[in-house]
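Please keep the sequence and the model in view while reading the points below.

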Amino acid sequence: MSAEPLHIVCPHCHTTNRVRPDQLNQAPDCGRCHRPLFDGHPVELDAAAFERHVGRSDIPVLVDFWAPWCGPCRMMAPAFEAAARQLEPHVRLAKVNTEAEPALAAHFGIRSIPTLALFVGGREVARQPGAMGQADIVRWVQAALAQAR
């Protein structure tokens, strides 16, 4: 008996795909654009894409709220990128530019950047302000997910 398929949103065309859990580690491609569903890079989200990824994805989504002028945000970017390679395909990593999406940042009450927010099943389950290194990001996500279960 196979497990229920997971809904995975494509980071390229934002189409929702159905993927069996046992196929996650087999580099699945999008059924629409045929590009990889996981490429080891955070996906940049605007408000519409945010709703699709956070609201429709069956895997947790870790969002980095950041801004281009923010020194600590720029400093953390390579660590966040490396964390994506480590956490995918079981967690989607995404970035929201608060300068380009101020309404989204306001909706979630983002008061300082960078701020990491972890979403499971469409709801926020953990938040961490401040820049972190790759190992700390991965550890924090794993601890937050264990606590959320």
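F50, F65, F108 and F119 are linked by ring pairs into a cluster. The model is predicted.

**Aromatic pairs**

- The count of aromatic pairs comes to 5.
- One of them joins F50 and F108 in a tilted arrangement, with 5.2 Å centre to centre and 55 degrees between the planes.
- F50 belongs to helix α1 and F108 to the loop between α3 and β6, so this pair ties together parts that are 58 residues apart in sequence.
- F50 and F108 are both buried.
- F65 and F108 also form a tilted pair, at 6.2 Å centre to centre and 45 degrees between the planes.
- This second pair links distant parts of the chain, since F65 is in strand β4 and F108 is in the loop between α3 and β6, 43 residues apart.

**Lysine K95**

- K95 is located in strand β5 (residues 92-97).
- K95 has a relative accessible area of 10% and is buried, because buried means under 20%.
- K95 lies over the face of W66, 5.1 Å from the ring centre.
- Residues touched by K95 include P42, E44, D64 and F80.

**Helix α4**

- Buried residues in α4 are I137, V138, W140, V141, A144 and L145.
- Exposed residues R139, A146 and Q147 are on the face turned away from the buried side of α4.
- Among the elements covering the buried residues of α4 are β4, α2, β6 and β7.

Conventions: Residues are numbered from 1 along each chain as its sequence is written. This is a predicted model: local features need pLDDT of at least 70, side-chain atom pairs count only at pLDDT 80 or more; totals for chains, interfaces and linings use all residues. Side-chain values use heavy atoms; hydrogens and water are left out. Buried means under 20% relative accessible area, exposed over 50%, partly exposed in between (1.4 Å probe, protein chains only). Helices (H or I, at least four residues) and strands (E, at least two) are DSSP runs, numbered from the N terminus. Contact means heavy atoms within 4.5 Å. Rings of Phe, Tyr and Trp (its six-membered ring) pair if their centres lie within 6.5 Å; planes under 30 degrees apart count as stacked, over 60 as edge-to-face and the rest as tilted. A charge sits over a ring if NZ of Lys or CZ of Arg is within 6 Å of the ring centre and within 35 degrees of the ring normal. Lists of a residue's contacts leave out its neighbours within four places in sequence.
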